[in-house]
Structure formats: C-alpha cells, structure tokens
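Dear colleague,

Please find below the structure that I am handing over to you. My notes on what was found in it follow directly after.

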Amino acid sequence: MSVIHLVRHGQAGSSRAAYDQLSELGERQARLAGEGLAARGVTPDVLVTGTMRRQQLTGSRLWEAAGWESDVSTDAGWNEYDHDAIIEAYKPAYRNHAVMRADLARHRHPRKAFQEMFVAAASRWASGDFDDDYPETFSQFRDRVALALGRVTSRLESGRSAVVVSSGGPIAWVAAGLLTAPSPASTLPAALPDGAATVWRRLNEVTVNTGVTTVLAGSALTAVSLNDHAHLGGDRSLITYR
C-alpha cells in the first residue's frame with residue numbers, strides 16, 4: 001500500500017495580474033502545511049506540482065518548511081481548469097472583465113453573487129451538454145486528472161508515499177471520482193458515475209487553501225481523508241477558499 005497526499009495551493013494573489021502568485025497569507029499557509037505534514041512523519045519519496053506558478057511556489061515553501069530534499073517533478077495534468085473560459089461560455093459579455101465587475105457591483109454582496117454565478121457556470125460545463133463552447137471539456141479535464149494520478153501511482157512502490165501540490169478542481173475530482181465509483185478500482189472511473197459531477201462541484205466550493213486529501217493506493221484507490229487543514233490550527237483568519 002502506498003500513500004498520496006494531495007495538497008491544494010496556498011491563497012493566490014488578490015489582483016488579476018497576481019492571481020498565479022501567492023499572497024503573503026498563501027506563503028504562510030504553505031509553510032504551515034509543510035510543518036504539519038512533517039510533524040505527522042510524512043517523508044515522501046515522490047514530490048510533484050502542477051506547472052502553474054502558485055502551485056510551484058506552494059510546493060517550494062512546503063518542501064522548505066518540511067525539510068524535504070527529494071527531487072521535484074512537474075505535471076500539467078494537475079493544473080487547474082480555465083475558470084475564465086467557463087465563465088465566458090456561460091456569460092459571453094464577461095469576456096470584458098469591466099462588464100463583469102460592474103454587473104456584480106450592482107449586487108448587495110458582490111462576492112456571493114460571483115460565487116452563485118460561478119456555480120451555475122461550472123454546472124453548465126460539467127453537464128457535458130455544451131462541450132463545443134469550451135477549449136477543455138469537463139470530460140477532458142477528468143481524463144487528464146485521472147492520467148496524472150496514474151502517473152503518480154506508477155512511481156510508487158508499496159510502502160512509499162508522494163506529495164502532490166495541485167488546485168481545488170483536480171483534487172475535488174479525485175475525491176468525487178473515488179467517492180462515487182460503483183466499485184473499488186486502481187484508477188479513477190473512465191465513465192462519469194451517478195452524482196459525481198454534483199459531488200465534485202460541492203467539494204470544489206469548500207476546498208481550503210493547503211487542505212490535504214489523502215489517498216491510499218494498492219489494488220484499489222481509496223480516499224481516506226478529505227480537505228484536512230488541521231495544520232492551520234484554530235485561527236480562522238488562516239482558512240481561505242480562493
């Protein structure tokens with residue numbers, strides 16, 4: 001049996017220009033995640049990040065804090081979905097971000113309005129009914145995440161472990177795919193299990209920055225913990241979702 005720890009990146013920058021960076025809080029979250037994993041005795045044989053800057057920066061801070069010195073590989077299969085493409089397919093006028101900002105500003109709670117809009121946009125994407133509208137369909141997204149997970153498991157001998165830094169979408173799909181699969185399997189299901197898209201969407205909404213999802217890999221894949229963020233302690237100011 002081998003173990004894979006999937007870690008969401010730390011909080012991204014607040015501005016559009018800095019979104020693929022880490023905020024100061026994101027840097028702190030990443031270090032706390034590294035310290036927390038090391039305190040649990042995690043000593044990974046394989047370290048992987050996606051190719052996005054915020055994922056790689058999180059990995060760098062995490063490895064440093066944990067004191068790990070293994071070589072790090074990158075795999076674009078762990079990258080986040082293109083949220084701009086998903087929003088723009090749902091509301092084409094939002095290709096102009098000034099229009100989106102002005103539209104949301106009319107609401108009493110603009111952040112809540114954005115979240116509700118994005119949930120609807122992501123549901124449309126995940127339905128598979130409008131695939132021609134997207135550069136990457138939900139099915140293609142699922143397949144690349146499954147392949148990325150397979151590449152990690154293929155590198156692990158029994159008794160070894162990996163730490164993968166990714167994003168909320170891919171991690172939520174690993175969890176949703178395993179939780180809704182009709183039977184245990186050594187790979188994520190190729191077909192979409194009943195309810196999987198709904199579970200994915202709900203998990204994606206609440207995945208905490210630097211939350212850890214742990215998967216056991218043997219004859220079958222099993223999710224044994226989801227979104228663990230105990231390393232952030234009881235300070236709610238450290239718990240963020242975007």
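Being four residues apart in helix α8, R201 and E205 are separated by about one helical turn; helices (H or I, at least four residues) and strands (E, at least two) are DSSP runs, numbered from the N terminus. This is a predicted model, in which local features need pLDDT of at least 70 and side-chain atom pairs count only at pLDDT 80 or more, whereas totals for chains, interfaces and linings use all residues. Residues are numbered from 1 along each chain as its sequence is written, and side-chain values use heavy atoms, with hydrogens and water left out.

R201 and E205 form a salt bridge, with the closest N and O atoms 3.9 Å apart. The term denotes a side-chain nitrogen of Lys or Arg within 4 Å of a carboxyl oxygen of Asp or Glu. E205 is partly exposed, at a relative accessible area of 28%. Here buried means under 20% relative accessible area, exposed over 50%, and partly exposed in between (1.4 Å probe, protein chains only).

Nine salt bridges are found in a search of the whole structure. One of them joins E27 to R61, where the closest N and O atoms are 2.5 Å apart. This pair links distant parts of the chain, as E27 belongs to helix α1 (residues 24-39) and R61 to helix α2 (residues 53-66), 34 residues apart. Both E27 and R61 are buried, and a network of salt bridges links E27, R31 and R61. D133 also forms a salt bridge, with R124, at 2.7 Å between the closest N and O atoms. D133 is partly exposed at 39% relative accessible area, while R124 counts as buried at 19%.

**The chain as a whole**

The protein chain has eight helices and six strands, in the order β-α-β-α-β-α-α-α-α-β-α-α-β-β from the N terminus on. Its radius of gyration, taken over C-alpha atoms, is 18 Å, which agrees with the value near 18 Å that a compact globule of 242 residues would have. The globule rule is 2.2 Å times the number of residues to the power 0.38. Along the principal axes, the C-alpha trace spans about 55 × 40 × 30 Å. Buried residues account for 49% of the 242 residues.

Of the contacts (heavy atoms within 4.5 Å) between residues at least 6 apart in sequence, 74% join residues at least 24 apart.

**Individual residues**

R142, in helix α6 (residues 138-154), is buried yet has no salt bridge; D143, the nearest side chain of opposite charge, is 4.9 Å away. Lys and Arg count as positive and Asp and Glu as negative, with His and the chain ends not counted. Leaving aside residues up to four places away in sequence, R142 touches W173, A190, A191 and L192.

Most residues other than glycine have a negative phi. T210, although not a glycine, has a positive phi of about 70 degrees; T210 is in the loop between α8 (196-206) and β5 (212-217) and is buried, at a relative accessible area of 0%. N227, likewise not a glycine, has a positive phi of about 60 degrees. N227 lies in strand β6 (residues 221-228) and counts as buried at 18% relative accessibility.

Finally, R95 is placed in the loop between α3 (83-90) and α4 (97-105) and is exposed, with a relative accessible area of 55%.

Yours sincerely
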